[in-house]
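Biologist: Before I rely on the labels attached to this model, I would like to go through them with you and ask what stands behind each one.

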There are 2 protein chains.
Amino acid sequence: MQSKPTGSQRIHTFTGGDIGAWRVDKIKTVIGSPISNVSFIEMVQSDIATMPETLTGKSGWQLRGVTSNERYVTHDEKAALVSKQSGLGRESAICGALIPIRKNQVWWALAQDERRQIIEEQSRHIRIGMKYLPAISRRLIHCRDLDPGAPFDFLTWFEFAPADATAFNELVDALRATPEWMYVEHEVDIRLVRAT
Amino acid sequence: MQSKPTGSQRIHTFTGGDIGAWRVDKIKTVIGSPISNVSFIEMVQSDIATMPETLTGKSGWQLRGVTSNERYVTHDEKAALVSKQSGLGRESAICGALIPIRKNQVWWALAQDERRQIIEEQSRHIRIGMKYLPAISRRLIHCRDLDPGAPFDFLTWFEFAPADATAFNELVDALRATPEWMYVEHEVDIRLVRAT
């Protein structure tokens, strides 16, 4: 849904550690193994190689992924999303969420039409998300083909104003109740507040 | 279409250089800039880090990508392909082809249904390929999300017997005549003969 930067700009690196632009409010393991507790998260739109080592600290972690072409949305859905969505970095959007997700092997072995069927015709993922635009800004970052064997397939990133925090909870609750989420085998929900 | 190895097994590295299991017969630049001439190509199903440096030689090159989930085929198409296709490494398949391809920005900005429409409903890519199974074994390797900014989006790999070389030429000619190929901005066709 975002603009299409080329090359290394498409890579996003998240560090969890002792410093960063986002303070961790709470970390909830939705399913699967937990992630190490950290106090701050930084998101940098570049590769790990250019990331300052000081960011992660001793118990910290790094997650990275890449923005890519749309995998499921149709032309009409894309047009509707683009007309309604807001970009990242809004001044009012001081709440954030980083929700890394991994889907299971059954999901990835499905054909394209089967995955589309589950995502939209059964789960209404795109329609549900649309209801929360432009209040909830988001970016989808893919890990699976950048680092095969990485702990997550996707890093989903959200920004919203404090007044929309209840709406954001509704959104993630609605998605977690869908047939699509039966294929999610690892999910961690990290809530953040802008620190700088 | 291949089996689903996990982790680093999904990464494929190709080296062009002075040694390798495949001898280069000819290299043809179909569109875009040429690739350096090399005498041999090696395909290794692992990451660059574990690739012997001796393989590429001084004027050589490396290309790498990752096998991934299907992006376009439906359940029925996948079942038909799986029932008909042959694996790599057949003793009779001493002819090979490595055809790296990059599609343009217009292609990648299209929605999923638009790309599917061009690939199959307009270009019959899947149906054309099906006609040449099981004679032509193939593997599709994705580069775009592994190395953003890489020179190619895909590395397509084929193996076939000398008796099927004419059929293979028909296949690539048929695909290059499709509407899908109007989006291809870089393509190099490297023909190979098994050397070992």
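Modeller: Let us begin with B:C143, which counts as buried because its relative accessibility is 2%, and buried means under 20% relative accessible area, exposed over 50% and partly exposed in between, with a 1.4 Å probe and protein chains only. This is a predicted model, in which local features need pLDDT of at least 70 and side-chain atom pairs count only at pLDDT 80 or more, while totals for chains, interfaces and linings use all residues. Residues are numbered from 1 along each chain as its sequence is written, chains are lettered from A and ligands numbered from 1 in the order in which they are written, and side-chain values use heavy atoms, with hydrogens and water left out.

Biologist: What makes the sulfur of B:C143 too far from the closest cysteine sulfur for a bond?

Modeller: The closest cysteine sulfur, in A:C143, is 19 Å away, whereas a disulfide is a pair of cysteine sulfur atoms within 2.5 Å, so the distance is too far for a bond. Over all chains, the structure holds 0 disulfides.

Biologist: Why does A:C95 count as buried?

Modeller: A:C95 has 13% relative accessibility, and therefore counts as buried.

Biologist: How do you know that the buried residues of α1 in chain A line one face of the helix?

Modeller: Helices (H or I, at least four residues) and strands (E, at least two) are DSSP runs, numbered from the N terminus, and in α1(A), residues 75-84, the buried residues are A:E77, A:K78 and A:L81. Seen down the axis, they fall within an arc of 100°, so they line one face of the helix; the arc is that of the directions from the helix axis to the C-beta atoms. On the other side of α1(A), A:D76 and A:S83 are exposed.

Biologist: What makes the buried residues of α3(A) line one face as well?

Modeller: In α3(A), A:Q112, A:R115, A:R116, A:I118, A:I119 and A:E120 are buried. Their arc, seen down the helix axis, is within 160°, so these residues line one face of the helix. They pack against α1, β5 (95-103), α2 and α4 of chain A, together with α3 (112-122) of chain B.

Biologist: What is called a salt bridge between the two chains, and how many does the rule find?

Modeller: A salt bridge is a side-chain nitrogen of Lys or Arg within 4 Å of a carboxyl oxygen of Asp or Glu, and the rule finds 4 of them across the interface of chain A and chain B. One of the salt bridges joins B:D145 and A:R10, whose closest N and O atoms are 2.5 Å apart.

Biologist: How many residues of each chain are in contact across the interface?

Modeller: With contact meaning heavy atoms within 4.5 Å, 30 residues of chain A are in contact with 30 residues of chain B.

Biologist: Why is B:H12 called buried, and what polar partners does its side chain have?

Modeller: B:H12, in strand β1 (residues 11-17) of chain B, is at 0% relative accessibility and therefore counts as buried. A polar contact is a pair of N or O atoms within 3.5 Å; within protein, one must be able to donate a hydrogen and the other to accept it, and residues adjacent in sequence count only if both atoms are side-chain atoms. A polar atom of the B:H12 side chain lies 3.0 Å from the backbone oxygen of B:R10, and a polar contact of 3.1 Å joins the side chains of B:H12 and B:R139.
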